[in-house]
Amino acid sequence: SKTYSELTLTGWDYTIQNNKTAQLRSVTVIKSLKEALSNDSQKFEKRTLKREIGIIALRICTNAFALGAMIGTVVLYYSEVVIKSSVSEDNSTIYKCGEKIETSSSTGIDINNISTDTISKELAK
């Protein structure tokens, strides 16, 4: 069974040049749409209450799972990135992109931006 969009979008023959043929084709497309709607309404009427409750329960469970996955992602991101990257400068450990980097709190040197000149100055002290 074709979907409604298939019947509507692919049902027309754009090479038709005769008005009578175009009218007949329009009637054919409309009848096929009505037939598809009739078949779908019959399928819907055949559903029992038990089946409807099952479908609704499945939808609720699927939506709850998707919502839980989204909330879990936000919590994981917040706990791993936001909290760990906001460690105060008093602490000797900072986290950058999930890697643990040791810093020297006594000298206040950032190990990521250290150069050989800075090392030699600090060693000379």
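In H2, the buried residues are Ala22, Val29 and Ala36. Buried here means under 20% relative accessible area, exposed means over 50%, and partly exposed is in between, with a 1.4 Å probe and protein chains only. Helices (H or I, at least four residues) and strands (E, at least two) are DSSP runs, numbered from the N terminus.

Before going on, the source: this is a predicted model, where local features need pLDDT of at least 70, side-chain atom pairs count only at pLDDT 80 or more, and totals for chains, interfaces and linings use all residues. Residues are numbered from 1 along each chain as its sequence is written, and side-chain values use heavy atoms, with hydrogens and water left out.

Back to H2. Helix H1 (4-10) is included in what covers its buried residues; contact means heavy atoms within 4.5 Å. How far apart are the end C-alpha atoms of H2? They are 39 Å apart, which agrees with the 39 Å that its 27 residues should span at 1.5 Å a residue. The expected span is 1.5 Å times one less than the number of residues.

Arg25 is found in this helix, residues 19-45, and is partly exposed, with a relative accessible area of 30%. Setting aside neighbours within four places in sequence, Arg25 is in contact with Gly11, Trp12, Asp13 and Ile16. Of these, Asp13 is 12 residues from Arg25 in sequence and 7.9 Å away in space, C-alpha to C-alpha.

Now the surface. Leu67, Met70, Ile71 and Val75 form a nonpolar patch with about 400 Å² of accessible area together. Such a patch takes residues with over 30% relative accessible area and no salt bridge, with nonpolar side chains (Val, Leu, Ile, Met, Phe, Trp, Tyr) joined within 5 Å and like charges within 9 Å. A salt bridge is a side-chain nitrogen of Lys or Arg within 4 Å of a carboxyl oxygen of Asp or Glu. Met70 is found in helix H3, residues 49-85, and is exposed, at 53%.

Last, the whole chain. It has four helices and two strands, in the order α-α-α-β-β-α. Of its 125 residues, 8% count as buried. Mean pLDDT, the predictor's confidence in each residue from 0 to 100, is 75 for the chain. Confidence is highest in H3, at 90, and lowest in strand E1 (residues 93-96), at a mean of 50.

How values were computed: Areas by Shrake-Rupley, 256 points an atom, 1.4 Å probe, with all protein chains shown as cover.
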